[in-house]
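Here's a quick briefing for anyone opening this structure for the first time. Have a look at the model below, then read on.

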Amino acid sequence: MHDVSSPLGGGVNATARLAARRAFLRRISAAGAAAGMVPWTDILRASTRELRARGTACILLWMQGGPSQFETFSPKPGHANGGETEAIATSVPGIQIAEGFPQVARIMDNVAVVRSMTSREGSHPRATFLLHTGYLPTASVKHPTLGSVVVHQIGRSASELPGFVRIGGQDRTGAGLLGATFNPLVVDEAGSPPPNTQPATSRQRFVRRLDLLGQLAEDAPSASGGRRQRAEHQELYSRASRMILSPKMNAFDLDAEPDAMRDAYGRHPFGSACLLARRLVEAGVSCVEVVLRGWDTHQDNFDRTRKLADAVDRPTAQLIGDLKQRGMLDRTLVVWMGEFGRTPRINPRGGRDHFPRAFNVALSGAGIGGGRVVGKTDAGGTTITDRPVGVADLFRTIYTALGIDPDHENMSPIGRPIKIVDGGEPIQELLS
Amino acid sequence: MSRIEHATATRKGMISQMDSFYSSVGRVVFAITVCASVVSRPDSVSDRIMAADAITDVADRVHALWEQERAAEAEKSLATMADDETFLRRASLDLVGHLPTPDELAAFLLDPAPDKRAELVRRLLDDPRFGANWARYWRDVIMYRRLEDRAMVVSPALEAFLRQQLNNGTSWSAVAEQCITASGDVRENGATALFVAQDGRTEESTAEVARIFLGIQIQCAQCHDHVTDRWTRQQFHELAAFFTRIALRPKKTAEGRSFEVIGNDKPRQRRRPANAARRGSLEHYMPDLEHPDRPGTLMQPVFFLTSEKLPLGASDAQRRATLARWITGNPWFSRAFVNRVWAELIGEGFCEPVDDLGPDHQPQAPQAMEYLAAAFAAADHDIKWLYEVVMATPAYQRAAGVVPSDQTEKQDALASCCWQRLRADQLFDALNAAVGDSGQATPARRRGKAARAYRRSPRFRFGQVFGYDPSGDRQEVGGTIPQALAMMNAPQIDRLIQSRRSAWSAVLDELPDDRAVIEELYLRCLARQPGPAEVRTCMNYVKEVGERREALEDIMWALINSAEFLYRK
């Protein structure tokens with residue numbers, strides 16, 4: 001990351017940068033005068049973070065079930081473990097990926113692949129939790145999911161849109177200890193508005209009802225207490241109704257896109273979800289998670305991953321290309337991952353089983369160096385031979401790229417400080 | 001105005017209102033029936049009335065201590081007593097989880113008995129909905145901390161188990177003992193829920209037992225000696241040794257997938273897989289933090305609060321039965337329960353969060369808490385007794401936050417009962433009572449599909465949106481955006497409002513007078529009569545809109561979306 005060497009680097013123009021810094025310094029010096037002293041270097045580092053955080057967003061393409069590394073970004077053609085999957089060349093000499101991803105191959109110079117992800121968790125729910133939060137599930141502390149951390153740290157509270165949208169159904173990770181405010185708004189499928197965001201009646205009647213609600217709140221006998229709760233309720237309802245009535249909610253309407261753009265993303269659920277993700281980020285949403293199920297290929301691995309790759313390849317490449325073309329890629333991090341990888345050994349049903357020991361993830365944007373590969377496995381893909389990357393390392397990398405301090409501490413309900421990421425080292429090779 | 005004067009005034013108002021009601025005759029008859037039933041009380045009630053004096057004594061003593069410790073600290077005057085309308089709604093929601101019906105409200109206001117509040121509390125405690133309501137509360141306490149969703153398979157059985165225990169008047173110590181020692185098919189024995197929720201994992205189960213039954217968060221000591229509490233890592237793992245033989249075994253039956261909790265006294269020796277923790281092992285080892293690959297240190301089962309211990313080699317049944325006895329006999333056990341009930345009823349626990357009592361945290365009003373905990377233990381952990389005591393205190397009976405407006409919210413909280421957001425089940429029932437018909441929205445279960453039917457029931461789905469962890473910080477339990485969106489726009493709720501067959505719709509048809517309908521809607525939704533300003537606003541609204549049905553639907557919509565509807569005050 002540019003933090004230390006060039007504290008005010010990055011893609012912001014000089015005038016805006018200086019104005020922002022002046023404003024920032026005024027604030028921090030007032031705080032510093034009150035608190036004692038703030039070291040100069042900390043101020044610079046903090047201001048960099050603040051600048052970068054402006055407009056920064058994250059899109060998580062979540063491959064539920066555990067995508068096979070062999071059939072995605074770490075093919076092993078020529079080895080029995082590689083099966084029938086061939087490797088293809090990419091726009092970056094020396095980097096080959098699986099044959100199912102020709103479109104991604106063409107934009108490989110924007111994509112970094114980590115081939116040496118490793119964890120010890122091979123059960124779907126636990127690993128899903130781990131790869132969403134950086135922690136294993138516990139009863140006492142509910143760790144927040146990636147998107148919730150992003151909104152909590154760099155979300156725009158003034159926005160009428162939700163800060164964190166999850167497309168493609170529920171899973172159990174949410175805001176946890178950060179509080180329900182930071183939970184995702186869940187959309188079952190791209191193309192329809194989020195549940196209950198359309199008035200049940202005509203718009204006009206809805207507005208009339210809101211007025212009545214407000215008037216009756218004023219008329220209610222104040223002697224029955226609950227001042228704080230009434231105020232919170234009013235605030236909540238005004239936020240929710242602003243959302244319902246906001247023209248920005250058009251971001252959820254894919255029909256507003258030209259036909260050519262819809263075709264470019266593909267007119268199927270995952271393609272539409274990627275397009276929606278781009279529209280939402282453009283409209284100010286800080287994190288969008290797109291869930292694609294079906295990667296749990298215990299049987300018929302090759303047929304099934306071929307179909308999955310078909311569904312994933314074009315939208316993913318289109319998303320990254322589209323973001324780049326709109327000048328959004330340098331502040332939008334795209335993360336492609338699932339909860340673990342799959343066994344090198346092909347089982348008798350032509351499937352691959354759970355394999356957390358060595359799997360892959362792909363990253364693009366937000367200053368991540370594209371066209372790079374981190375880590376290696378041996379010829380059969382069973383053992384990491386170079387640069388193992390743990391889950392904490394990955395999360396440290398993701399948050400650093402997003403301008404979020406991974407050492408920031410949130411308080412658990414019983415007053416125990418919990419770091420956003422516990423331990424680990426960022427992958428420096430990708431951050432410079 | 002004194003309480004009696006107030007009640008009289010309200011009653012007069014009520015009766016004059018009721019003259020205009022189509023149902024006034026029926027309602028008075030109902031009221032008389034209810035009043036009469038007070039005279040011929042069932043045995044279980046009269047038994048407890050024998051002990052009523054004792055209950056009043058304990059309540060007075062607790063309250064004197066509490067007031068002395070809390071009010072003195074805040075240097076302020078206390079709120080006045082809540083009126084009967086408020087008290088009835090509060091007590092009904094708190095005990096049975098339902099709004100009082102307009103008929104019940106009329107009967108209660110008309111009842112001239114000076115001890116009608118205590119009588120109401122006793123009657124509600126004998127209502128089977130008491131067990132249902134608090135079974136759901138404790139289901140949430142346990143299940144919100146589940147590690148995986150598949151644990152939900154135990155939920156219906158857990159609810160049934162707790163409902164039965166609570167309605168039967170089983171003591172809290174007996175409930176806890178059954179939970180700690182439970183085994184068997186998790187769909188048949190709901191007492192296994194705690195272990196199911198923790199996936200049978202030794203350390204996680206240990207932490208939950210301590211949290212729920214002792215109010216002690218010892219799990220921080222799992223990895224390191226705790227900085228603020230005094231328990232050590234070794235003490236945590238010695239406690240874990242009581243649970244080390246528990247295994248959660250998948251089970252396939254004709255009815256689908258299930259699990260059973262077993263005490264695995266002869267586990268097969270095998271290579272330790274990653275999830276060995278849920279398969280049980282003969283003895284527990286404290287991991288070596290420096291060398292995670294080594295087996296660690298063998299732990300003897302020792303109960304950290306008393307240092308009582310069992311020998312290595314003790315069977316699972318021995319370990320758990322012994323520990324259950326030690327836990328339920330310990331003062332922390334009484335404190336933890338008393339703190340929860342006080343917190344849920346008064347709106348602020350002696351200790352917050354409710355499941356983190358210490359040992360090194362200073363409770364608010366420590367003497368009141370100690371006294372109440374000791375009295376609860378002396379009453380053999382009689383759950384209903386404790387509700388009667390707390391609800392007899394002036395702290396419970398005061399109006400919520402009727403204090404001069406310059407006082408801070410923190411001070412309001414201690415002055416009186418404070419506003420609490422309804423739990424999902426309470427809100428679900430309140431909605432059904434206000435706009436729905438019977439409240440029996442759960443479809444009949446088909447054989448073999450019980451678990452699926454449970455998860456597809458409207459109540460369960462409602463809980464997915466409106467539920468919250470009852471052990472969480474109660475200051476934080478405000479509403480969420482998806483909840484506000486659902487209350488305002490959900491088609492299911494809108495259908496209820498629009499339905500011409502619902503009970504509220506019948507009111508609309510039968511009462512030609514708009515004012516009477518508006519009053520009825522307030523009674524149904526908020527269990528109170530509207531004030532003059534509210535009546536004026538509603539009457540004007542009906543006039544402005546012009547379309548009667550539409551305007552009254554809007555008023556109904558506004559009432560169920562009001563803060564007052566969503567909270568118990």
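Two strands count as paired if DSSP finds at least two bridges between them. Keep in mind that this is a predicted model.

**Strand E4 of chain A**
- E4(A) covers residues 111–117, and it's mostly covered, with seven of its seven residues buried.
- One partner is strand E11 of chain A (residues 359–364), which runs antiparallel to E4(A) and is joined to it by five bridges.
- Within that pairing, A:Val113 has A:Ala362 as its bridge partner.
- E4(A) also pairs with strand E12 of chain A (residues 372–374), this time in the parallel sense, over three bridges.
- Here A:Ala112 sits opposite A:Arg372.

**A sheet in chain B**
- Three strands of chain B make an open sheet in the order E1-E3-E2, with antiparallel pairing.
- Strands E1 (184–185) and E2 (246–253) of chain B are at the edges with a single partner strand each, so each has one side without a neighbour in the sheet.
- Two bridges link E1(B) to strand E3 of chain B (residues 256–263).
- In E3(B), B:Glu260 is the bridge partner of B:Asp185.

**Where the chains touch**
- Chain A puts 46 residues into the contact and chain B puts in 56.
- On the chain A side, the elements giving two or more residues are helices H6 (203–219) and H7 (227–245) of chain A.
- H7(A) gives the most to that side, with 10 residues.
- By type, the chain A side splits into 20 nonpolar, 15 polar and 11 charged residues.

Terms used: Residues are numbered from 1 along each chain as its sequence is written. Chains are lettered from A and ligands numbered from 1 in the order in which they are written. This is a predicted model: local features need pLDDT of at least 70, side-chain atom pairs count only at pLDDT 80 or more; totals for chains, interfaces and linings use all residues. A residue is buried if 20 or more other C-beta atoms lie within 10 Å of its own, exposed if 12 or fewer, and partly exposed in between; C-beta atoms are placed from the backbone. Helices (H or I, at least four residues) and strands (E, at least two) are DSSP runs, numbered from the N terminus. Two residues are in contact if their C-beta atoms, placed from the backbone, lie within 7 Å. Ala, Val, Leu, Ile, Met, Phe, Trp, Tyr, Cys and Pro count as nonpolar, Asp, Glu, Lys and Arg as charged, and the others, Gly among them, as polar.
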